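Below is a note for a colleague who is reading this structure for the first time. Please keep the sequence and the model open while going through the points.

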Amino acid sequence: MIVVLPIAALVWESKKDGAHTFWQVVRSPEATAALKLTLVAAVIVALVNAVFGTVIAWVLVRDDFHGKSLVNAVIDLPFALPTIVAGLTLLSLYGPHSPIGVDVAFTRTAIVLALCFVALPFVVRTVQPVLHELDREMEEAARSLGASEVAVFGRIVLPNILPGILSGVALAFARAVGEIGAVVLISGNLPYRTEVSSVFVMNRIESGDSAGAAAVAVVLLVVSFAILLGIGGLRFLVTRHERHA
Amino acid sequence: MSIEIRNVTKRFGEYAAVDGFSLEVASGSLTALLGPSGSGKSTLLRIVAGLETPDEGEVVLAGELATELAPQKRGVGFVFQHYAAFKHMTVRDNVAFGLKIRKRPKDEIAARVDELLKLVGLQAYGARYPAQLSGGQRQRMALARALAPEPKVLLLDEPFGALDARVRAELRDWLRRLHDEVHVTTVFVTHDQEEAMEVADRVAVLNEGRLEQVGTPVELYDTPTSEFVMRFVGDAHRLADRLVRPHDIALAREPSGRAVEVEVERITLLGADVRVDLVDGHGERLVARVPREELEELGLERGEILWAQPAAERVFVD
Amino acid sequence: MRRFAPRFVALGYLTVILLAPLAMVFWRTFEHGLSPFWHSLSSQETLHAFQVTLMITAIAVPLNTVFGVVVGLAIVRRRFPGKGLLNAFIDLPLALSPVVVGLSLFLLYGRTGWFGSWLTRHGVQMLFAWPSMALATIFVSVPFVAREVIPTLRELGDEQEQAASTLGASPWQTFWRITLPSIRWAVVYGVVLTTARCLGEYGAVAIVSGRIVGKTETATLLVQDSYERFDATGAYTVGLVLAAIAVVVLVIMTLTKPKESTA
């Protein structure tokens with residue numbers, strides 16, 4: 001009950017002032033800009049994470065070096081750390097007064113950076129178990145049939161870890177779309193430039209326009225839901241071979 | 001393609017899985033590597049395939065040194081005990097894999113796949129996924145897959161080990177007939193001596209990473225060169241100071257020659273033969289196999305005292 | 001060399017994104033010496049903020065733990081209509097933006113909201129006061145215990161419980177002596193995750209609390225507020241304490257992590 005009611009209220013409120021007002025707010029340049037930024041950033045982060053997350057998972061499962069278990073533990077840090085502190089840490093290194101002279105505060109790069117931080121664990125943690133379970137003999141069979149190492153990875157390993165990657169991507173995307181804490185400090189929340197939808201919604205509430213806020217929130221929910229469904233569908237397709245055994 | 005293994009040693013830490021092993025395999029032959037678990041036979045096979053590299057020694061394929069050669073370049077077909085099927089590909093795609101890697105034209109691939117599926121009896125299953133096949137079917141697919149790129153050597157690592165007894169027997173026959181048709185140099189690994197004897201032209205017996213004896217199945221059975229081989233290939237029991245095969249124990253009511261006094265513990269009828277469990281004066285157990293008629297002639301019963309004598313031929317003295 | 005390339009890529013990425021920034025926080029906090037750090041840490045504002053955070057956490061964690069275990073048991077061991085739906089709803093807070101959560105609560109419990117008007121008439125203030133903040137925090141941290149308990153219960157199977165009942169144990173005894181001990185580490189891990197989430201909550205609480213300094217400010221809200229007031233040291237101080245707590249949480253997490261598959 002705690003879960004369902006608030007959502008219902010949200011949808012209701014967004015309709016309060018009528019459909020016309022709904023679209024008015026949503027279509028407004030500021031809202032559209034925020035929405036676009038949020039979605040594009042989330043897609044970039046999901047993709048970056050898909051690549052690096054897989055590499056990290058690979059290294060953790062197949063490679064061995066001193067301090068590997070430490071690295072493995074550190075991956076979970078974004079889960080444990082408050083998002084606002086995450087934003088602060090990134091700001092300290094990549095913002096004004098940066099000791100290495102890199103200042104991306106108030107830029108869109110900063111947003112992507114912050115979102116990469118919070119989404120880091122997702123792909124890694126969904127790919128690790130799949131990679132671990134992978135039948136190494138399939139790779140050996142491929143080699144014995146003449147496949148180069150690249151072909152072994154591309155034709156054998158990758159297709160089999162793809163469901164894991166997709167799950168992680170879905171989680172990372174959902175997280176990135178909704179994130180506020182990590183982004184709010186480092187992005188500066190400049191309207192039309194570095195304002196993400198979550199910040200936009202919060203500003204609307206604080207200005208008293210809760211209907212407008214609700215409208216944008218609903219749109220964001222619907223779009224995210226659609227994308228997640230898409231990823232889920234993709235995952236379903238890719239795991240065709242596991243069914244009706 | 002002939003295979004020559006020269007003095008190969010492979011260690012895992014302190015433990016030598018293969019220890020100074022040498023063997024020559026003639027082109028076109030069907031050879032079995034037979035031995036108990038841990039005898040190093042699988043490791044040896046994988047070294048020939050290039051899936052492991054030896055610490056010492058050489059592997060020569062068709063007269064050329066291949067020890068450092070990657071598995072991709074050896075032209076070797078490998079069949080795994082647990083099939084190693086490409087789960088995410090259909091049966092057709094599995095079989096076609098080696099050919100696709102070699103970038104053969106599409107119609108050539110399709111024709112070859114059809115040919116092989118027919119050969120292994122899986123024509124109707126081309127569009128299925130491995131998860132939908134039985135163990136025996138998966139292994140046949142794995143064989144077709146290994147044969148598709150026309151390897152010069154076919155290596156099988158306990159290929160029927162994961163299957164149940166009946167399927168195992170069927171596939172054994174089937175492998176023999178396949179070899180008769182296809183004539184690829186084939187080496188397979190097994191711990192089942194019956195399998196080795198039934199299928200192979202020549203059998204190499206391994207123990208603790210070393211070669212004990214190599215020869216035809218008959219040679220190994222009739223003239224074993226060590227106690228290990230005698231016990232491993234067929235049954236053998238101690239009688240006095242000799243090792244005797246159950247069929248070679250003659251039972252009589254009167255002592256003669258080097259006969260030993262034994263007591264009958266149990267008599268079991270096994271079709272045309274009878275198994276007689278005996279125990280000698282020192283408490284050592286042994287088993288004799290006698291034909292039915294002899295049982296009736298002697299009128300044997302439990303608890304009787306008899307005299308057991310090794311028959312003149314086929315006795316191994318340490 | 002090719003063998004090592006993935007390793008360097010992975011470690012490089014981690015350093016840039018994760019490790020280097022973290023090291024910086026330490027540096028920044030003590031940049032101007034120990035005394036400003038101490039001053040910030042012991043200020044009324046800071047202490048109050050931590051008090052609020054801890055109080056809310058102390059409410060949310062036990063509630064969600066009990067809920068998680070109960071729901072976990074219900075889902076795995078019983079059949080009832082709507083079970084699949086319940087399962088999906090438990091995961092919902094993970095997919096939702098905290099802002100959306102805050103907004104929904106704001107709408108429900110505000111003066112003109114569905115429940116709000118009723119509550120205001122009875123003198124209960126939800127918004128801009130701790131009750132809504134607690135509710136928000138409870139909502140976002142609902143999934144963790146349940147998500148750890150469910151797979152563990154599934155794997156264990158109910159044979160042990162069946163054995164206990166044949167030996168005469170009542171349902172309560174079975175639960176207390178058999179079920180609970182067998183899921184103990186899953187529960188601990190779930191509690192740790194829940195706690196970390198509660199301590200770190202920002203978005204939802206920011207909306208429903210009104211961020212009234214000294215009254216409804218949590219530690220996370222204080223970090224943001226300090227930074228925007230140009231009190232960098234203050235922000236870093238609180239941030240460091242939260243980071244330190246996070247590291248402790250991480251250590252406990254690593255130690256109690258269920259044996260899935262980390263090579």
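**Notes on the chains and their contacts**

1. Chain B and chain C are joined by no contact, and their closest C-alpha atoms lie 16 Å apart; here two residues are in contact if their C-beta atoms, placed from the backbone, lie within 7 Å. Of the two pairs of chains in contact, it is chains A and C that share the most contacts.

2. Some conventions should be kept in mind: this is a predicted model, in which local features need pLDDT of at least 70 and side-chain atom pairs count only at pLDDT 80 or more, while totals for chains, interfaces and linings use all residues. Residues are numbered from 1 along each chain as its sequence is written, and chains are lettered from A and ligands numbered from 1 in the order in which they are written.

3. To the contact between chains A and B, chain A brings 19 residues and chain B brings 21 residues. On the side of chain A that touches chain B, helix 8 (136–144) and helix 9 (149–178) of chain A each supply at least two residues, where helices (H or I, at least four residues) and strands (E, at least two) are DSSP runs, numbered from the N terminus. Helix 8 of chain A gives the most to this side, with six residues. By class, the side of chain A that touches chain B holds eight nonpolar, six polar and five charged residues (Ala, Val, Leu, Ile, Met, Phe, Trp, Tyr, Cys and Pro count as nonpolar, Asp, Glu, Lys and Arg as charged, and the others, Gly among them, as polar).

4. Chain C has 14 helices and zero strands, and its C-alpha atoms fill a box of roughly 70 × 65 × 30 Å, taken along the principal axes. Among contacts in chain C between residues at least 6 apart in sequence, 75% join residues at least 24 apart.

5. Within chain C, the axes of helix 9 (residues 159–166) and helix 10 (residues 171–182) come within 10 Å and cross at roughly 160°; axes are lines fitted to C-alpha atoms, for helices over the stretch in contact, and angles run from 0 to 180 degrees between N-to-C directions. Helix 9 and helix 10 of chain C are therefore roughly antiparallel to each other (angles under 35 degrees count as roughly parallel, over 145 as roughly antiparallel, 65 to 115 as roughly perpendicular and the rest as oblique). C:Gln160, C:Glu161, C:Ala164 and C:Ser165 in helix 9 of chain C meet C:Thr174, C:Ile178, C:Thr179 and C:Ser182 in helix 10 of chain C, a contact with two nonpolar, five polar and one charged residues.
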